[in-house]
Amino acid sequence: MKQESHVVTISRFLIEEERKFPDATGAFTNLLSDIALAAKVIGREVNKAGLVDIFGAVGEENVHGEDQQKLDVFANQVMYRALDHTGLVACLASEESEEFIRIPDKFPAGDYVVIYDPLDGSSNIDVNVSIGTIFSIHRKRTTGERGTLEDCLQPGSEQVAAGYVLYGSSTMLVYTAGTGVHGFTLDPSIGEFILSHPNMRMPEPPKKVYSVNEAYFTRWSRGQQRLVSHLKNEGGFGSRYIGSMVADIHRTLLQGGLFMYPSEVAKPEGKLRLLYEAAPMAFILEQAGGRASTGTQEVRDIVPTSLHQRVPIYAGSREFVDMAEEMLAQDA
Ligand code: AHM
Ligand code: MG
């Protein structure tokens with residue numbers, strides 16, 4: 001008889017990880033469980049997105065007399081409501097909110113700072129392409145009872161955890177707490193994230209794939225243009241670009257490759273946000289053996305000066321990020 005395989009739910013995995021740290025209070029485990037719950041709620045709505053035309057569009061009332069919301073606004077609220085009351089969080093920051101988010105006085109505050117992009121790549125929703133949630137967790141470093149802007153503006157190197165949820169052909173949660181990268185796939189029949197990708201490592205040798213929006217070629221620096229021309233000509237690279245960072249990074253993590261969102265001559269800061277997108281992905285990739293650079297320095301070394309700061313990014317297999325830096329330097 002075929003032996004029943006060993007099924008590890010995310011709750012069990014988190015508890016077993018927590019036991020490795022005798023001083024752990026359980027707060028971190030609870031925090032990740034809350035994020036996993038939020039992911040399930042967001043995933044449920046994302047999966048229904050195509051039914052919007054049937055059940056009512058954004059701005060209209062649904063059958064219950066409630067206003068339909070845009071999915072990114074909905075996801076933002078779900079993340080906030082999953083975390084605001086827990087007593088685990090000092091403050092929050094969301095890509096959807098201009099200012100950092102205080103925990104209301106009616107709730108106790110905790111030690112963790114959670115920074116998130118509730119629904120990245122949301123322009124892909126209408127065409128049923130994968131999208132994701134990205135999160136980054138720091139410890140509060142100011143001494144007051146509640147978190148401040150300063151607590152949100154910490155370099156990526158200070159992250160205690162980071163992760164993403166990919167709403168793709170299946171829903172996956174991938175996270176690191178600094179001891180490797182672990183991936184869980186949602187089993188919709190039981191509503192549980194199941195450990196499917198323990199100790200993820202980027203493959204060696206990596207797949208030769210670059211991922212960039214090449215339509216911007218003429219806006220790039222000479223160095224960036226030479227890099228991409230080299231990859232596809234002499235380098236023998238293939239190309240894949242979904243235009244949804246979580247999906248592009250997930251593929252890069254599993255297969256290897258080089259994901260780029262470079263600066264443009266007239267837009268040196270690039271597009272992607274340091275705190276919500278670049279730094280958490282950098283932490284995950286590094287923990288899996290990869291790297292993320294701005295082209296001149298480690299993404300995780302940048303000390304943010306504002307919440308919505310943008311950075312150029314070159315992320316993926318170590319040898320390809322190194323090569324990108326070298327080629328960019330030649331033209332600097
Ligand atoms: P968003 O935060 O407004 O959704 O934008 C971020 C997205 C990323 O998921 C993706 O990597 C990038 O924008 C794609 O940008 P472009 O369409 O310029 O290639
Ligand atoms: Mg985003």
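A crossing of two helices is called right-handed if the near helix is turned clockwise from the far one by less than a right angle. With that in mind, this tour goes through a predicted model, beginning with a pair of helices.

Select helix α2 (residues 27-47) together with helix α4 (residues 71-83), whose axes come within 9 Å and cross at roughly 155 degrees. Angles over 145 degrees count as roughly antiparallel, and α2 and α4 are therefore roughly antiparallel to each other. Their crossing is right-handed. To see the contact itself, show the side chains of L31, D34, I35, A38, V41, I42, E45 and V46 in α2, which meet L71, F74, A75, V78, M79, A82 and L83 in α4. Sorted by class, this contact has 13 nonpolar and two charged residues, with no polar ones.

Next, select the magnesium ion (ligand 2) and show the residues that coordinate it, namely E95 and E277 through OE and D117 and D120 through OD, at 1.9 to 2.6 Å. Along the chain, these donors follow the spacing E-x21-D-x2-D-x156-E. Because D120 belongs to strand β3 (residues 112-120) whereas E277 belongs to helix α8, the pair ties together parts that are 157 residues apart in sequence.

By class, the contact of α7 with α8 has eight nonpolar residues, one charged residue and no polar ones.

Keep α7 (residues 245-255) in view and bring in the strands that it lies across, which are β9, β11 and β13 (313-316); the helix runs at about 155 degrees to β11. These strands belong to an open sheet of five, in the order β10-β9-β11-β13-β12 and with mixed pairing. At its edges are β10 (238-239) and β12 (291-293), each of which pairs on one side only.

As a last stop, zoom in on β9 (residues 209-211) and β11 (residues 258-261), which run parallel and are joined by two bridges. Which residue in β11 is the bridge partner of Y210? Select L258, and the partner of Y210 is on screen.

Terms used. Residues numbered from 1 in each chain as written. Chains lettered and ligands numbered in written order. Predicted model: local features only at pLDDT ≥ 70, side-chain atom pairs only at ≥ 80, totals over all residues. Heavy atoms only, no water. Pairing = 2+ DSSP bridges. Helix = DSSP H or I, 4+ residues; strand = E, 2+ residues; numbered from the N terminus. Contact = heavy atoms within 4.5 Å. Axes fitted to C-alpha atoms, helices over the stretch in contact; angles between N-to-C directions. Nonpolar A, V, L, I, M, F, W, Y, C, P; charged D, E, K, R; others polar. Donors = N, O, S within 2.8 Å, 3.2 Å for Na, K, Ca; no water. Parallel < 35°, antiparallel > 145°, perpendicular 65-115°, else oblique.
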